[in-house]
Amino acid sequence: MSQRKRVAAVGSQTKHFRRSQQVVLDEDDGDMSLTQPTSSQVQKARENFTPVQVDRKVAEVVQFILIKDQKKIPIRRADIAKHVIKEYKALYQDIMKRADRTFEQVFGLKLVEIDSKNHIYILVNKLQPVPGEPISMCPGNPKTGLLFVILSIIFMKGGTVKENVVWNTLKKLRVDVGEKHEDFGDVKKVIIDEFVRQKYLEYVRIPHTDPLEFEFRWGQRAEKEVSKMKVLEFIGELHNQEPQSWTQQYREATSVETSQR
Amino acid sequence: MSRPMGDSHKRFLQTLMSNGIVSSLQAKALHRHCCETHGAHYSPDRLDEFIDVINAQLQPMFMHIRKGMSEEDGLQYYALVNMAETDVTRMSSDYADNELELFRKTMDLIVDSENGTASSTDILNCADSLKSKKMKKKETEHVLNKFVQDKWLNEKQGEYTLSTRCIIEMEQYMRMIYQDLIKMCFVCHNVAFQSQICENTTCGIKMHLPCVARYFKGRSDPHCPSCNDFWTHEIPEIQQAQSQGSQSQSSSAVPAPNPTPSTSSTRRSRRS
Ligand SMILES: [Zn+2]
Ligand SMILES: [Zn+2]
């Protein structure tokens, strides 16, 4: 498996990845709903609730997050605390650690904090999509292909790309953002609303432009879920070339794969 | 006792979760695909054991992969069932209160009917008297459509039936609230909604349509398997899809797509 390749290139890119990869469940700068309990409070809570009750709470948290994730809605820690954890607040850390372990060991998912200021999490898939699935892992979603194409454009253009470049490239593929598309409906809306909200893409204003100009980057979910090597292999197939022929992209793809191991 | 799950199990579970329900043909193909993708040992006749490994790990989460029969084609399907809340609240994150009430009313109509269907006219009448909040005709039709898209109901020419997914996921709940109103199929012993019922009122056994077709196959003079009275209903044909033996063995078994398009990933959120 290409993911297992170990390449000793530890650039700044890699470090950046290591940092953002971490699941930050253990640090707590005390937002309103969840102040750090003292160790004696935690101790007391552990005595107050039976193991069965705590098990049940873990299950509720897991289900709550799974339901949110089905709609690809990022999950706020405050919501988990308010809607599920409730009076088990002092055991928040314990419960979340166990929920996270369950995601990894049972579902092949990983809970990742994408916003450490507001404590927002997403579930990312630890399993790579593979070709030849007898049933799709994300069924009824023709949009996956569209997203992959856009991510490819961005990656091949060095990580940032003006929106016009994306629109023009899509047009060449007979997806016109000005028209209603048979599968995607309002394509522009899907891209700048849905994909952005789901954290697959970032859509940001380029400063000091008049009229306003915007550019695309990979969103945090894409960085965690989508293999750059897969993107490169896809492009390679399109152009009938080896992935290695794009030196810079190949280097980036391999260094990311290494850091994610 | 419980064996740890490999990536092959996790991939199987994820695919099942995002599809809501898969046919046994699809499950077989998926089993193979998952094992091959992750280099796990694959034995074609061990699907149920493969699923048992997953179920052992799901149990603390109050979830379970359960097998059930489709009342339409008589085939087996697998669905992920939430054991913690097996009733309509299972749907509560996707629907408003009056929509859930409409669903319950539809279930009432289906359970009360002889053949397991509810007509759109009857459902529309219910919508007019909902306690939570009345629904106009257009709105009701839209909600019914959503139930079909989300695979809770099936619709054929204005007649609504419970989907296979709905029966697998809510069987326990329905048995609890409807009690004796829920009848079992005399042949396969699963709950029976879309079925034929013995005309002998002291007998009154039910049989699924595919079960009737299979049971009376080749018999010119059908009699009730319980009371031996003449079986007055028309005997349905066995459906094509049931000859699955040869298909499941071909290596590139590309299973037929789901009867209804999946929408689990596109369900709209009403909050947020
Ligand atoms: Zn039956
Ligand atoms: Zn009888």
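A polar contact is a pair of N or O atoms within 3.5 Å; within protein, one atom must be able to donate a hydrogen and the other to accept it, and residues adjacent in sequence count only if both atoms are side-chain atoms. By this rule, 2 residue pairs (both at pLDDT 80 or more) are in polar contact between domain 1 of chain A and domain 2 of chain A. The model is predicted, so that local features need pLDDT of at least 70 and side-chain atom pairs count only at pLDDT 80 or more, while totals for chains, interfaces and linings use all residues. Residues are numbered from 1 along each chain as its sequence is written, chains are lettered from A and ligands numbered from 1 in the order in which they are written, and side-chain values use heavy atoms, with hydrogens and water left out.

In chain A, the domain assignment gives domain 1 (35-125) and domain 2 (142-226); such bounds come from an automatic or database assignment. The C-alpha centres of these two domains of chain A lie 33 Å apart. Contact (heavy atoms within 4.5 Å) joins 9 residues of domain 1 of chain A to 8 residues of domain 2 of chain A. The buried area, which is the accessible area (1.4 Å probe) that two parts lose on being put together, summed over both, is about 820 Å² for this pair, and carbon and sulfur atoms give 59% of it. Lys72(A), Ile114(A) and Ile122(A) supply 57% of the area that domain 1 of chain A buries against domain 2 of chain A, more than any other three residues.

A salt bridge requires a side-chain nitrogen of Lys or Arg within 4 Å of a carboxyl oxygen of Asp or Glu. Between domain 1 and domain 2 of chain A, 1 salt bridge is found. The side chains of Asp69(A) and Arg221(A) form a salt bridge, at 4.0 Å from N to O.

The interface of domain 2 and domain 3 of chain B has 0 salt bridges and 1 residue pair in polar contact (both at pLDDT 80 or more).
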